[in-house]
Amino acid sequence: MADESRVKERVLNVTRPGIKPKEVIDFYKTWAKEYDQDHFGGANYTGPWKVAEAVAASLGNERNARVLDVAAGTGFLGVELSKLGFTNVDALDASQEMLDVAKTKNVYKNFIKDFLGPNRLNIKDDTYDVVTGSGLFSNGHVKSDCLDELIRVVKPGGLVCLALREVLLRSSEDCKALEPRMAALQSDGCWEQIKRDVFSGYVIGFDGVVYLFKVL
Ligand SMILES: C[S@@+](CC[C@H](N)C(=O)[O-])C[C@H]1O[C@@H](n2cnc3c(N)ncnc32)[C@H](O)[C@@H]1O
């Protein structure tokens with residue numbers, strides 16, 4: 001059982017205001033081996049389950065969908081998708097060490113080590129039916145500047161489902177632009193929001209917010 005205060009200290013440290021992306025990736029490099037133990041034991045982390053559940057509910061009985069799990073980390077979301085019957089799921093993350101742990105779960109087909117940002121991913125247009133992500137947006141982590149790229153790799157009619165700690169929408173300089181950018185992409189006809197749910201118990205006692213978008 002992981003120590004609750006240790007988990008909280010690590011989560012708040014790697015998401016502290018002003019942390020730089022390189023520091024974040026360096027942090028996960030050393031955290032990778034204990035990340036699962038920490039989250040299973042002491043973080044009460046429900047984000048991956050919330051995202052997987054929202055995608056499954058939206059797809060009905062369809063389980064052959066090609067899914068890209070972004071900022072997949074050690075694969076918590078992949079495990080939840082697998083439990084729900086999804087077998088065609090790829091993982092993308094900037095940390096090789098986190099992806100190495102994810103490989104041991106046997107729930108992903110392909111592994112892509114890449115950085116999510118304004119840069120172009122080495123993925124063709126309209127490749128995936130669904131993009132998922134939990135715990136990706138935070139200080140020094142993924143920002144709204146990657147949303148265009150997530151939309152580009154999803155087929156028209158496909159889904160994007162993302163979850164984060166709700167308070168970050170107001171408290172994080174890196175996350176404040178998220179909802180305005182989501183709204184702008186809707187105004188521009190790139191996607192439409194199907195769901196925005198705030199829920200309690202996302203991680204270490206914080207509320208979460210889960211979004212589901214349909215790509216147009
Ligand atoms: C809090 S963990 C979440 C992992 C997993 N989705 C989960 O729910 O357990 C954040 C992950 O985002 C990755 N990450 C952070 N910034 C990134 C970026 N700009 N591009 C790609 N991955 C990034 C980290 O390497 C780490 O694996």
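1. In which helix does aspartate 26 lie? Aspartate 26 lies in helix H2, which covers residues 21-43, and, since this is a predicted model, that placement and everything below should be read as computed. The C-alpha atom of aspartate 26 is separated by 9.7 Å from that of valine 14, a residue 12 positions away along the chain.

2. On the overall fold, the protein chain contains 8 helices and 7 strands, and its C-alpha atoms fill a box of roughly 45 × 35 × 30 Å along the principal axes. The radius of gyration is 16 Å, which agrees with the value near 17 Å that a compact globule of 216 residues would have. Buried residues make up 51% of the 216 residues, and the protein chain exposes about 9,700 Å², of which carbon and sulfur atoms supply 50%. Among contacts with a separation of 6 or more, 68% are between residues 24 or more positions apart.

3. As for annotation, the unreviewed UniProt entry assigns "domain: Methyltransferase" to residues 67-158. In the model, the end C-alpha atoms of that span lie 10 Å apart, and the span is 25% helix and 26% strand.

4. The serine 95 side chain reaches the backbone nitrogen of methionine 98 at 3.1 Å. Once neighbours within four places in sequence are left aside, serine 95 is in contact with Ile25, Tyr28 and Lys29.

5. Turning to charged pairs, side chains of opposite charge can pair when their charged atoms come close. The structure holds 18 salt bridges, and one of them joins the side chains of arginine 10 and glutamate 34, at 2.8 Å from N to O. Arginine 10 lies in helix H1 (residues 4-14) and glutamate 34 in helix H2, so the pair ties together parts that are 24 residues apart in sequence. Glutamate 34 counts as partly exposed, at 29% relative accessibility.

6. A further salt bridge brings together the side chains of arginine 181 and aspartate 148, at 3.0 Å from N to O. This pair links distant parts of the chain, with arginine 181 in helix H8 (residues 178-187) and aspartate 148 in helix H6 (residues 147-153), 33 residues apart. Both partners fall in the partly exposed class, arginine 181 with a relative accessible area of 26% and aspartate 148 at 37% relative accessibility.

7. Lysine 195 forms a salt bridge with aspartate 197, and the closest N and O atoms of this pair are 3.3 Å apart. Lysine 195 is partly exposed at 28% relative accessibility, and aspartate 197 is likewise partly exposed, with a relative accessible area of 32%. Elsewhere, salt bridges that share partners join Arg6, Arg10, Glu34 and Asp38 into one network.

Technical notes. Residues are numbered from 1 along each chain as its sequence is written. This is a predicted model: local features need pLDDT of at least 70, side-chain atom pairs count only at pLDDT 80 or more; totals for chains, interfaces and linings use all residues. Side-chain values use heavy atoms; hydrogens and water are left out. A polar contact is a pair of N or O atoms within 3.5 Å; within protein, one must be able to donate a hydrogen and the other to accept it, and residues adjacent in sequence count only if both atoms are side-chain atoms. Contact means heavy atoms within 4.5 Å. UniProt positions are given in the numbering used here, feature names are shortened, and annotations may be inferred rather than shown by experiment. Helices (H or I, at least four residues) and strands (E, at least two) are DSSP runs, numbered from the N terminus. The radius of gyration is taken over C-alpha atoms; the globule rule is 2.2 Å times the number of residues to the power 0.38. Buried means under 20% relative accessible area, exposed over 50%, partly exposed in between (1.4 Å probe, protein chains only). Accessible areas come from the Shrake-Rupley method with a 1.4 Å probe; for residues, only the protein chains shown count as cover. A salt bridge is a side-chain nitrogen of Lys or Arg within 4 Å of a carboxyl oxygen of Asp or Glu.
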